Amino acid sequence: MSRLPLLEVRDLVKAFASGRKSVRVVDGISFDIGVGETLGCVGESGCGKSTLGNTVLRLLEKDGGSVRWHGPESGRVRDVFGLRGAELRALRRELQVVFQEPYSALNPRFTVRELIGEAIEAHGLAQGDEVRQRVIALLERVGLSADHLERYPHEFSGGQRQRICIARALALEPRLLICDEPVSALDVSVQAQVVNLFAELKQQLGLAYLFISLDLAVVRHLSDRVMVLYLGEIVELADVDALFAQPRHPYTRALLAAVPVPHPSRRGERTLLLGELPSASDPPSGCRFRTRCAFAQERCSVEKPTLRQATAGHAVRCHFDL
């Protein structure tokens, strides 16, 4: 895996109006993704994972911070939110998305050929019969065939629809895919096939991923590094092996302890969280996790912890070395 920079996010903020309040769903998040790297993103529902992905894609406008795209070939660095017109259109080729729900992500009135070929034609990558040949090649790359070319989305299973969504995302030859829980809506028997497809595409095409998921097993299988979100903030960021072997934040430990162990004689120690997830519209003072943390002290209620380097390459947002 290359460590050349591809995406650089700094102090990103995305807020939504809630009555008279402004709720920061993404609150000062910073991270990088290298060429060919997979960065996993985990956390409870409501922690800001999907909003983060949509803001990086510029499907939502930011309220603070920056997102910068590095062109590995040209050496150019572009401010994603400063792009307009043709430059923004060109960026769309390099940065694509696979959504969680394949049923609603595909226009039911379009055939597979139209769903995938539309972007190829719109960006001038091919015309006429060459578009059809490109679509067939994309279908075969994701495990489908030319026989599916003129079918409509309702004629496919959930797993096949997600493969079509992946083929559509690959149509413009992107460098980075943002995958927003792309297997959570699929049957368990199909999930492993799609996860393995993502791994194969990474190896074959040199793709980078921001892989958002609630499934820690999937994240562990695919990721090079993992960041853990809680109430819009990164609480831990580390190489995948280090994070799973020695999690340093109590929230990360609780997430890992909640994963079922598939053997009756191997019971791990459960780490129970206190209370309920606080509201993002009124987060706790100081450390946002303190209301659920068994290690919380008075300092935690008045002093906000920073994301610090506990060890080389392992960052944690906690006052203490646990």
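**Notes on a predicted model: sheet, cores and rings**

1. Strand 4 (residues 64–70) is joined to strand 5 (residues 77–79) by three bridges, and the two run antiparallel.

2. Val9 stands opposite Val67 in strand 4. As background, strands of a sheet pair through backbone hydrogen bonds, either parallel or antiparallel.

3. In what order do the four strands of the open sheet run? The order is 2-1-4-5, with antiparallel pairing. Strand 2 (21–34) and strand 5 are the edge strands, and each of them pairs on one side only. From one strand to the next, the twist averages 25°.

4. Helix 1 (residues 49–56) lies across strand 1, strand 2 and strand 4. Its direction makes an angle of about 115° with strand 1.

5. Check the backbone of strand 1 too. Asp11 is found in this strand. Asp11 has a positive phi of about 50°, although it is not a glycine. That deserves a look, because most residues other than glycine have a negative phi. Is Asp11 buried, partly exposed or exposed? Asp11 is partly exposed, because its relative accessible area is 49%.

6. Compare a second residue of this kind. Leu231 also has a positive phi of about 50° and is not a glycine. Leu231 is found in the loop between strand 9 and strand 10. Leu231 counts as buried, because its relative accessibility is 4%.

7. Next comes the largest nonpolar core. How many residues does it hold? There are 41. The members that touch the most others are Ile116, Ile120, Ile166, Leu170, Leu177, Phe198 and Tyr209. In soluble globular proteins, nonpolar side chains tend to be buried together.

8. There is a second, separate core of 34 residues. Among its members are Leu6, Val9, Val80 and Ala208. Val9 is the residue that stands opposite Val67 in strand 4.

9. Which residues does Phe198 contact, leaving aside its neighbours within four places in sequence? They are Val98, Ile166, Cys179, Pro182, Tyr209, Phe211 and Leu222. Two of these names return as rings: Phe198, Tyr209 and Phe211 form one aromatic cluster.

10. Look closely at one ring pair. The count of aromatic pairs comes to five. In the pair of Phe198 and Tyr209, the ring centres are 5.6 Å apart and the planes stand at 90°. Why is this pair edge-to-face? Planes over 60 degrees apart count as edge-to-face, so the 90° between these rings gives that label. The pair links distant parts of the chain, with Phe198 in helix 7 and Tyr209 in strand 8, eleven residues apart. Both Phe198 and Tyr209 are buried.

11. Rings also meet charges. The charged end of Lys14 sits over the ring of Phe16, 5.2 Å from its centre. The charged end of Lys62 sits over the ring of Phe81, 5.7 Å from its centre.

12. Thr111 lies in the loop between helix 3 (102–105) and helix 4. Thr111 is buried, because its relative accessible area is 4%. Leaving aside neighbours within four places in sequence, Thr111 is in contact with Leu149, Glu150, Arg151 and Tyr152.

13. Finish with helix 10 (residues 250–257), which is mostly covered. How many of its eight residues are buried? Seven are. These are Pro250, Tyr251, Thr252, Ala254, Leu255, Leu256 and Ala257. They pack against helix 8, strand 9 (225–230), strand 10 (233–239) and helix 9 (240–245).

Technical notes: Residues are numbered from 1 along each chain as its sequence is written. This is a predicted model: local features need pLDDT of at least 70, side-chain atom pairs count only at pLDDT 80 or more; totals for chains, interfaces and linings use all residues. Side-chain values use heavy atoms; hydrogens and water are left out. A nonpolar core is a set of buried Ala, Val, Leu, Ile, Met, Phe, Trp, Tyr and Cys residues joined through side-chain atoms within 4.5 Å. Buried means under 20% relative accessible area, exposed over 50%, partly exposed in between (1.4 Å probe, protein chains only). Contact means heavy atoms within 4.5 Å. Rings of Phe, Tyr and Trp (its six-membered ring) pair if their centres lie within 6.5 Å; planes under 30 degrees apart count as stacked, over 60 as edge-to-face and the rest as tilted. A charge sits over a ring if NZ of Lys or CZ of Arg is within 6 Å of the ring centre and within 35 degrees of the ring normal. Two strands pair if DSSP finds at least two bridges between them. Axes are lines fitted to C-alpha atoms, for helices over the stretch in contact, and angles run from 0 to 180 degrees between N-to-C directions.
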